[in-house]
Amino acid sequence: MRLAFYLFTALAASFGLPELEAAPPARDAIRIVQLLRSDNVLRRYPDALPSLLRHMNEETTARFDTDPLFIQSLEDEQLLQNPILYINCDEQPNLEFSDGEKQALREYLERGGFLYLDAGIKASFLGSDLGHSYAAWEERPEVKELFSNIFPEKVFVPLQRDHELFRSFYKGLPDNKDLKIQANQKKLPETVLSFVEREKWPQGTYSFVGLRVKERIAVLASPICAMGWGKDEFGAWIPPISFRIRESSEGFNEKLKLASFKGGTYEVKREDGLKDILYSEPGQRPLWVQEPTGKWRIFKYYSGEEISNFAHAFYTRIGANVLMFALTN
Amino acid sequence: MSKLLKGFVFAGLLPLSQAMAWQAPVRVSPNLSVVLLSDENASVVSEANASVAPKPVRSSTQETINQAGLDLRHIEENVRSGAARLLGKYPSPASAAYLTFALDDRIARVRRAAIVSLAELYLNGFYIHEKPLVEKILSKLGDSDVEVRREVSALIPRLSIGLFRSSFEIVEINGRRVARAAPATLRADLLEIARKAFFDPDAIVRQNILKYHYALRLPLSAQVLDRLLSDSDLGVLLTALNRVPSSTPSETVVRRVEKLSRHPDVGVRKKVVSVARDSNRRHPGYRAILRKMTIDEEPAVLSMAAVELARLGEKVDPKVIQAVGDYLLGVAGASTQVMTILYAVSAFGDEAIEIYRELTEHTSSKIRTIAWQRLLTFDNGWGRADVWLPALADRDKTVRRAIVANLNARSRNFDLKTMEQLVSSDFVDVRTFAASSLQSARQNAAEEVAFDLLIDEDTGVRAQTIRALASLRAPGWLKIMSNSLLDEEYVIKRAALDGLLGDPVQGVKTIRKFVSEHPTDSITPLALAELKSRGITQ
């Protein structure tokens, strides 16, 4: 990983950073720029990014300033002085950017900058509910529109499960040692573990879409991951996270077609490009899903310490991989 | 439970295949009113469309629940677990009753599905108020399957609503039937099950019962707490430490906490500091623990202990204070913990000044901001330009902005030397601050630097200067304003117009002259509108 740090140094050198107005003190840490339109906005997971950066400092030889640099506009001159921009889309009042900001972002990305759009993927059925993550395989419409203005000739492309991003630092799912639990302790309920390993996060992968600029992935978007990064001062994960799991059972293909249902349906793009149809009733979490294969499965919700710990460990590994990918890509 | 009605479905009425899976009758309380929804959501097949293949007809909610209830008695384990899963989607007393019944299934997988569905009912806001049902759920804290126990233990806070509802009982006193409040206590057997859960083989169950024991009105004795404070699982240990400040003070527990102050895990030691701080008024031993922890090998722990002691009014060794300063200087960024320590450094008194002074050079802008603010407050520096001027040379705008915000709220009777330094700053925001300070600066200083600000390369600085000069009515200001109305930048024109409008006599006269001489200028329409709004027409 020391190599990664040197690579970053080289990257920063070739980044074409403009000269500062005043000579800065020697900087020994990478500063992440975070877009925060206003101090008064409701922060989604304010402890998240600093916790992830601390984790990076503890687990890798890359050196991050754990204090993100907040900017209110993409036209802020400080953006061009730092190679990684983080935007939590759920934290923005809206995803509307002025022409000046779009131009600044284009310039930033073309000059070697990297943008991570957390919550840049958001399944339509989630609506205004910000506390959920769902692995859809296309960027949210606002992101699509934004980048169609910035790079009209480019589109976001889903990352394959074997993409190097998922191996840039961590590989696979957390095990008991990572979770700091005893070797014999059941890390997840059986059905949950089986779904997680086979479908939810196989080999520690997740749904990402990327946009290439000058032959490299310059923008990455994913469902919200920041909810899984936060740690309190004693090292405990915050906030609690629960899992949405698909479960099947004898006769569900017939029963769920006929079972009582009063809500609406939503289409969500899958990894294979086909669409799932989600059944959801107002005031309740989604009930079940009709898959394009003709299979019907029910959504079950699991919560608890072990679920939360596992999810946090996973999202932190994903976050670490994104940062390492940004440095070495 | 004995008062519950007989089950409404009898095993004898079921087909043989289903009866084989039968374990116990469904016991539905007579008070459970199962709402018949009269097929309100059943689809209707149109007769007019008889030739078109009919759309599958969805059953009503009641039919779906009843069918799932029947399926819970099916011989096939898969069918039973599927039914249990489905029932979680229909919050209703009947679903709750069926699912509670399914908790007695002999197959763990079905019981798991049932408890997860019960949790889903609660999650969707449906609370079970039937005490017998809730007691049955709680009894599964003693289930043989760890997943069921985990789910039940996580549900405890929600179960307490059904467990401890106020109720009454009829008793006969001297031959008279008297209604009196029934004690809201846990049944003795359930109490025993819950007690045993403190020592469950599974760490998650232990952790949950430790977190939620109060919801069961289950006391946590010093003996039990002491044992859990020596738990091998980190999660249980941290949760047990959380319970210390609210438990009865005990020598055994204090000794155990003292032992934990040497735990290899830093997070545990930090927690010990926090526990010792919160408990220090309840037992003198906790303050002694804090003192010992000021020599901890981990600077973060040492610093936490030191600032807590200082907050309690204790004198802290200068070497320890120095170590706190070194720790803060070395941190990579401003975490919650660092911020807590940073603010608490003030408790060191005069020795804090030096720490804050050093921290104004920190790499983190957040830390520098607070360090500057604290230093200036401590040192009465807000009134001394030589102390705060270096803060406005900080490379980070957020630091400068915070300092300027503080200065704005104070008297800005700046002398020439101060104004010159502000005007010569590399930073636009600092020069803007200088421009806005023209009004309150000493007259000679304002006059001396005003020209420099008027020709500043930044439009915002120039506009601010024009506004300030207009307010000051400095000699020649009318000339400056009328010239500025001809500036290329609209923002400058606008500032000049605003300035002139502030003087109803000379200013307005200048504007009228301008609009008559420059009828096509970009500011003219606005100037005319402003004049008109004041009842002045050309």
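I began with the salt bridges between chain B and chain A and found eight of them, taking a salt bridge as a side-chain nitrogen of Lys or Arg within 4 Å of a carboxyl oxygen of Asp or Glu. One that I looked up joins the side chains of A:Glu305 and B:Lys211, at 2.2 Å from N to O.

I note that this is a predicted model, in which local features need pLDDT of at least 70 and side-chain atom pairs count only at pLDDT 80 or more, while totals for chains, interfaces and linings use all residues. Residues are numbered from 1 along each chain as its sequence is written, chains are lettered from A in the order in which they are written, and side-chain values use heavy atoms, with hydrogens and water left out.

Next I looked up the extent of the interface: 61 residues of chain B are in contact with 57 residues of chain A (heavy atoms within 4.5 Å). The area buried between the two chains is about 5,000 Å², with 47% coming from carbon and sulfur atoms; this is the accessible area (1.4 Å probe) that two parts lose on being put together, summed over both. Of the area that chain B buries against chain A, B:Arg58, B:Arg85 and B:Lys89 supply 15%, more than any other three residues.
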